[in-house]
Amino acid sequence: MEFHFSLNGINEIATRFWKMAGNTKVFAFHGEMGAGKTTFIHALCDAKGVKDIVGSPTFSIINEYVYNEYGTVKKIFHLDLYRLKDEEEAVQAGVEDCLYSGNTCLVEWPEKAPGIFPEDTLHIYIEVIDSANRKLRLDDKIN
Ligand SMILES: Nc1ncnc2c1ncn2[C@@H]1O[C@H](COP(=O)(O)OP(=O)(O)OP(=O)(O)O)[C@@H](O)[C@H]1O
Ligand SMILES: [Mg+2]
């Protein structure tokens, strides 16, 4: 499945994304530097009603956001593995605990520690079309 979007349309795509996501908890966002992973993840958090998004998690590997769903407080982990070397470092940083916590996890640079992802991780590929437009591709397994 594929979506094209500009910043103008990003919120609508984020809403559609969540509708398709079903029960998926772990989302791995692939894409080169500047592709728009953080920007799209922030749009996903906005769509859930997260209020406390503070910038990019470039300086912290694990960011925790909260939102309210039907009166319950829910958590989203936003992880950026860029500065990690491998699975061992990821485990030491607490990444694995997040991935298996049952909370929603939105992960940038999953290539840094591919071996620790749950089997039912949904892989998402973001590509630059031009300065304003991006292509987002999902594994076919959601339907
Ligand atoms: N359609 C779009 N979707 C997302 N970002 C866009 C789009 N059009 C332009 N941009 C711009 O592209 C940049 C994307 O940066 P962002 O930090 O989201 O990338 P990233 O993939 O997280 O990079 P990194 O690997 O360094 O973390 C931002 O400056 C954003 O404003
Ligand atoms: Mg980023």
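Which helix and which strand each supply at least two residues of the shell around ligand 1? In this predicted model, look for helix H2, spanning 37-48, and strand E7, spanning 133-138. H2 gives the largest share of that shell, with 4 residues.

Now let's go through the shell itself. It holds 18 residues around ligand 1, and the ones that come nearest are Gly36, Lys37, Thr38, Thr39 and Arg134. Sorted by class, the shell around ligand 1 has 8 polar residues, 7 nonpolar ones and 3 charged ones.

Next, leave the ligand and turn to the backbone. Most residues other than glycine have a negative phi. With that in mind, two spots deserve a look.

Start with Tyr70. This residue isn't a glycine, yet its phi is positive, at about 45 degrees. You'll find Tyr70 in the loop that links strand E3 (62-69) to strand E4 (72-80). Is Tyr70 buried or exposed? Tyr70 has 5 C-beta neighbours inside 10 Å, so it counts as exposed, because the cut-off for that label is 12 or fewer.

Then move along to Trp109, another non-glycine residue with a positive phi, here near 55 degrees. Trp109 sits in the loop between strand E5 (104-108) and strand E6 (122-130). How many C-beta neighbours does Trp109 have inside 10 Å? There are 19, so Trp109 counts as partly exposed. A residue needs 20 or more to be called buried.

Methods
Residues numbered from 1 in each chain as written. Chains lettered and ligands numbered in written order. Predicted model: local features only at pLDDT ≥ 70, side-chain atom pairs only at ≥ 80, totals over all residues. Near = placed C-beta within 6 Å. Nonpolar A, V, L, I, M, F, W, Y, C, P; charged D, E, K, R; others polar.
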